[in-house]
Amino acid sequence: MELLTRWIARCTVCLCLAWGVVASAQPASEPLVRICDPICSDRPVGQVNQELRDVGGYDGRMAALEAEAARNPRAAYDLALRYFRGDGVRKDSYKALSWMRVAGEQGNLKAQKALGRLYLTGLEEMGRDPGEARTWLSLAASRGDRESKQLLAKAEAAKRSDEQEYKEMNRWRSEVYNGWYSGYQYYGRWNGRAWNY
């Protein structure tokens with residue numbers, strides 16, 4: 001059941017990511033801000049109330065940090081932390097994870113370790129992914145980080161556990177699908193003009 005829940009969570013994340021790509025592809029005349037009420041979407045700053053504008057750091061500091069983060073892994077790490085914490089920007093786990101990945105891909109050790117931990121435990125709507133955790137923790141552990149070596153052992157154990165759970169689920173899959181396909185009868189029948197129940 002837990003594996004199914006994680007699969008649904010991952011599909012939800014994929015749909016959110018796809019929606020973000022579609023939404024970001026549309027040209028905007030003014031800066032966008034991510035608002036979650038309860039569904040997250042990017043909206044023009046002019047549509048956001050003053051209180052939220054103040055939280056967004058629109059005096060240029062965050063835009064400057066984002067520009068710096070595109071070329072400096074330490075700035076990308078800092079920006080990711082700000083999105084995680086909601087410090088000067090609206091809290092946004094997707095942007096936080098995206099910027100943390102930028103920092104990690106550029107070789108920032110703290111970002112690699114943070115990504116390993118995030119993928120090992122999961123983040124908000126994102127379920128855990130021990131395989132991805134292992135990738136990031138291996139990078140950090142290869143650089144001599146002791147904590148990453150300890151977390152890497154946990155990621156490998158979690159990955160083996162997930163693989164075993166997946167095998168167990170696949171063992172019963174055909175019975176479940178065949179049962180739904182042929183084992184359950186419809187209530188009603190079509191008589192040519194209407195449904196009979």
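Reader: Which residues touch the most other members of the largest nonpolar core?

Author: This is a predicted model, and in it the largest nonpolar core holds 33 residues, among which Trp99, Met100 and Tyr119 touch the most other members. The elements giving two or more residues to this core are α3, α4, α5, α6, α7 and α8 (146–182), and the largest share, eight residues, comes from α4.

Reader: Before we go into detail, how many helices and strands does the chain have, and in which pattern do they follow along the sequence?

Author: The chain has eight helices and four strands, and along the sequence they follow the pattern α-β-β-α-α-α-α-α-α-α-β-β. Of the 197 residues in the chain, 32% are buried, while the chain exposes about 13500 Å², with carbon and sulfur atoms supplying 55% of that area. Among the contacts with a separation of 6 or more, 44% are between residues 24 or more positions apart.

Reader: Suppose I now turn to helix α5; what length does it reach, and what is expected?

Author: The general idea is to compare the distance between the end C-alpha atoms with the span expected at 1.5 Å a residue. Helix α5, which covers residues 93–105 and has 13 residues, reaches 18 Å from its first C-alpha to its last, close to the 18 Å expected.

Reader: Which residues of α5 are buried, and why do they lie on the same side of the helix?

Author: An α-helix has 3.6 residues a turn, so residues three or four places apart point the same way. In α5 the buried residues are Ser93, Ala96, Leu97, Trp99, Met100, Ala103 and Gly104. They cover an arc of only 170° around the axis, which puts them on the same side of α5. What covers these buried residues includes α3 (61–69), α4 (73–85), α6 (109–121) and α7 (130–141).

Reader: What is found at the N-terminal end of α5, and which residue caps it?

Author: Asp92 caps that end, with a side-chain oxygen lying 3.1 Å from the backbone nitrogen of Tyr94. Ser93, which is found in the helix itself, counts as buried at 14% relative accessibility, since the cut-off for buried is under 20%. Leaving aside residues up to four places away in sequence, Ser93 touches Leu123, Glu124 and Glu125, and its C-alpha lies 6.6 Å from that of Tyr83, a residue 10 places apart from it in sequence.

Reader: Can we apply the helix reading to α7: what should its 12 residues span, and which of its residues are buried?

Author: At 1.5 Å a residue, the 12 residues of α7 should span 16 Å, and its end C-alpha atoms are 15 Å apart, which agrees. The buried residues of α7 are Pro130, Ala133, Trp136, Leu137, Ala140 and Ala141. Seen down the axis of α7, these buried residues fall within an arc of 135°, so they line one face of the helix.

Terms used:
Residues numbered from 1 in each chain as written. Predicted model: local features only at pLDDT ≥ 70, side-chain atom pairs only at ≥ 80, totals over all residues. Heavy atoms only, no water. Buried < 20%, exposed > 50% of the residue type's maximum accessible area, 1.4 Å probe, protein only. Arc of directions from axis to C-beta. Contact = heavy atoms within 4.5 Å. Polar contact = N/O pair within 3.5 Å; in protein donor to acceptor, adjacent residues only side chain to side chain. Areas by Shrake-Rupley, 256 points an atom, 1.4 Å probe, with all protein chains shown as cover. Core = buried A, V, L, I, M, F, W, Y, C linked by side-chain atoms within 4.5 Å.
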